Amino acid sequence: MSDSNSTNFTNPSTFILLGIPGLDAAHVWISIPFCAMYIIAVLGNFTILFTVKMEPSLHEPMYYFLCILAATDLVLFTSTVPKMLSIFWFNSREINFNTCLTQMYFILIFSPIESGILAAMAFDRYVAICHPLRHSTILTNPLVAKICLAVVLRGVMLALPCPLLARQWTYCRTNIIPEPYCTHIALINLACADTRVSSYYGLFVLLCVMGLDGICIAMSYTQILRAIFSLPTMDARLKTLGTCGSHLFLIVIFYMPGLIISLMNRFAQNVPLHFHVLIVSVNVLIPSMLNPIIYGVRTKQIRDRLLRFFTHKRA
């Protein structure tokens, strides 16, 4: 006799996203900062793309990387935040099975891409500060294109097994996901099949991406700091250190929440669910919102180009 309370979701047509469980009554209020951050992130990243495209003097490796970073952010948060806001505002909780896998795949692709671009930008800063006279000969346009292509292909290839495995699983527990969007670990928790391969593979990808990119960033900034402290004047040191400090701050903002989320998923089972989901949700928006501010507004060339644009419009 079959259990009427158990349904075999071998290939469920839909999943149900709960948003932020336990805080349903506050969804409308929670949506206000999320919507504000989304608008800032969209405007900021489009502004970066527009400014770099329109200003020939910004056609340099650093700004090419910055454009890839902005485009990555646009795809990453646009694939998740609109659905989050529809849950908060309209209680639209259903998501198609294939759409859920696609959303998960986009997150798995573009997070490593963003990590790789941050590492490439750290290398660019290393060359610019430690070998300024050779910067244009080391980081040529073909090399920049190859780096960007390698970063994108790495993200695509590393993420590909996850949705393929998830499509094969049997979902016999429930089709309810206690989060505002589909994540790899959420589907692992719903599956009744043996998911150890996918779980270990996800941990391997996390350590591989963070390990390689982290080593690249650490080596670059170690050399940068050595070069900074060898500068003859304090003003020059503080100016260069201020720029690197902004970059390092954003790198920490990008890496730390992801590391905390991964560790909580695997080792901290007693963390309140709403706290966990809030960290996961904010992790999508905070780096995407801060990227154009840190790399754009604080970059003199971009700031000057924007000021000229608005001054010209008023004239």
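## Cores and helix packing in a predicted model

Asn 91 lies in the loop between helix H3 and strand S2 (94-96); helices (H or I, at least four residues) and strands (E, at least two) are DSSP runs, numbered from the N terminus. This is a predicted model, in which local features need pLDDT of at least 70 and side-chain atom pairs count only at pLDDT 80 or more, while totals for chains, interfaces and linings use all residues. Residues are numbered from 1 along each chain as its sequence is written, and side-chain values use heavy atoms, with hydrogens and water left out.

Asn 91 has a phi near 55°, a positive value in a residue other than glycine. Its relative accessibility is 47%, so Asn 91 counts as partly exposed (buried means under 20% relative accessible area, exposed over 50%, partly exposed in between, with a 1.4 Å probe and protein chains only).

A nonpolar core is a set of buried Ala, Val, Leu, Ile, Met, Phe, Trp, Tyr and Cys residues joined through side-chain atoms within 4.5 Å. Two such cores are listed here.

| Core | Residues in core | Members include |
|---|---|---|
| Largest | 61 residues | Leu 66, Phe 77, Val 81, Ile 117 |
| Second, separate | 24 residues | Ile 95, Cys 162, Leu 187, Val 205 |

Beyond its neighbours within four places in sequence, Val 81 is in contact (heavy atoms within 4.5 Å) with Tyr 38, Val 284 and Leu 285.

H4 also packs against H6, at an angle of about 150° and with axes 8 Å apart. The two helices are therefore roughly antiparallel (angles over 145 degrees).

Methods
Axes fitted to C-alpha atoms, helices over the stretch in contact; angles between N-to-C directions. Parallel < 35°, antiparallel > 145°, perpendicular 65-115°, else oblique.
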